[in-house]
Amino acid sequence: MELYQALILGIIEGLTEFLPISSTGHLIVFSDWLGLEQNDQNTAFEVIIQLAAIFAVIFNYREHFRLSQWSLWSKVAMAFVPIGAVGFLLSDVIKALFSVEIVAWGFIIGGLIFLLLERFYQEDEHKTGDLNLISYKQAAWIGIAQVFALIPGTSRAGASIVGGMLAGLSRKTSAEFSFLLALPVLAAASGYDFLKHYNEFANTSFAPLAVGFVVSFVVAYLTMRLFLAFLQRFTFNAFGIYRIVFGIVLLTLFV
């Protein structure tokens with residue numbers, strides 16, 4: 001992998017991991033555009049840039065990593081169980097779904113869901129505006145919704161945010177809970193890939209890994225902060241429209 005490829009993919013991972021626009025879908029498309037095969041060495045690189053995203057969450061929400069926050073983390077753990085179980089049991093089936101066409105339709109359908117959700121969503125009727133006020137029932141519903149993220153192009157962040165809003169969370173709180181929920185999801189996915197492909201790290205150049213990690217961390221950190229500021233003033237309609245347009249472009253150009 002060349003340094004410019006590592007730079008581009010690091011930016012893509014940092015930008016898309018926590019936005020409701022599917023990081024996996026974008027990485028598949030841009031890897032194809034850059035001429036990168038889905039081989040074991042490139043999978044090792046993806047493990048590194050996902051690890052950077054994990055550190056970005058920890059750095060952004062370090063005040064929640066205290067024993068006094070055990071209740072919040074127990075809800076995060078509860079929300080992780082559905083996607084962890086389904087992802088483990090159906091991993092081979094899920095990998096078989098990875099194609100540009102499925103990613104494109106995942107983008108389009110997800111975009112339509114966001115537009116429909118915003119059409120009927122009333123902010124003043126959703127009282128849960130703080131992470132520590134999320135109930136176990138709400139966390140369970142978010143966890144069930146997140147299972148749909150196993151379909152390529154759906155977006156883990158998008159599915160968990162939609163689940164949060166439907167469960168009664170504000171836009172901002174839904175986004176923040178999806179950030180925290182990324183920790184066990186990314187850790188499990190990255191850990192599994194690391195155990196499966198750890199030999200490839202020895203055969204991969206250090207420079208692209210370092211560039212990808214640093215770029216992904218910085219961009220992810222800034223993206224989370226800017227995303228929350230955006231949600232203070234705007235809705236998810238822009239993301240819904242983007243998803244639909246991007247999906248149509250994929251179908252037009254690659255299918």
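Here is a walk through some helices, rings and charges in the structure above. It's a predicted model, where local features need pLDDT of at least 70 and side-chain atom pairs count only at pLDDT 80 or more, while totals for chains, interfaces and linings use all residues. Residues are numbered from 1 along each chain as its sequence is written, and side-chain values use heavy atoms, with hydrogens and water left out.

Let's start with helix α1, residues 3-16. (Helices are DSSP runs of H or I with at least four residues, numbered from the N terminus.) Helix α1 has 14 residues and reaches 20 Å from its first C-alpha to its last, close to the 20 Å expected at 1.5 Å a residue; that expected span is 1.5 Å times one less than the number of residues. Its buried residues include Leu-9, Ile-12, Glu-13 and Gly-14. Buried means under 20% relative accessible area, exposed means over 50%, and partly exposed is in between, using a 1.4 Å probe and protein chains only. An α-helix has 3.6 residues a turn, so residues three or four places apart point the same way.

Now hop over to helix α10, residues 206-231, where you'll find Thr-223. Thr-223 counts as buried because its relative accessibility is 8%. Leaving aside residues up to four places away in sequence, Thr-223 touches Gly-14, Leu-15 and Leu-19, where a contact means heavy atoms within 4.5 Å.

Next up, the rings: there are 16 aromatic pairs in the structure. Rings of Phe, Tyr and Trp (its six-membered ring) pair if their centres lie within 6.5 Å; planes under 30 degrees apart are stacked, over 60 edge-to-face, and the rest tilted. Take Phe-59 and Phe-217: their ring centres are 6.1 Å apart and their planes sit at 65 degrees, so this pair is edge-to-face. Phe-59 is in helix α3 (residues 40-60) and Phe-217 in helix α10, so the pair ties together parts 158 residues apart in sequence. Phe-59 is partly exposed at 40% relative accessible area, and Phe-217 is partly exposed at 23%.

Phe-179 and Phe-227 make a tilted pair, 6.2 Å centre to centre with 50 degrees between the planes. Phe-179 belongs to helix α9 (residues 171-202) and Phe-227 to α10, 48 residues apart. Phe-179 is buried at 0% relative accessibility, and Phe-227 is buried at 3%. Both are in one aromatic cluster, whose members also include Phe-18, Tyr-61 and Phe-114.

Finally, look at Lys-75, whose charged end sits over the ring of Tyr-136, 5.2 Å from its centre. "Over" here asks for NZ of Lys or CZ of Arg within 6 Å of the ring centre and within 35 degrees of the ring normal.

Notes. Helices (H or I, at least four residues) and strands (E, at least two) are DSSP runs, numbered from the N terminus.
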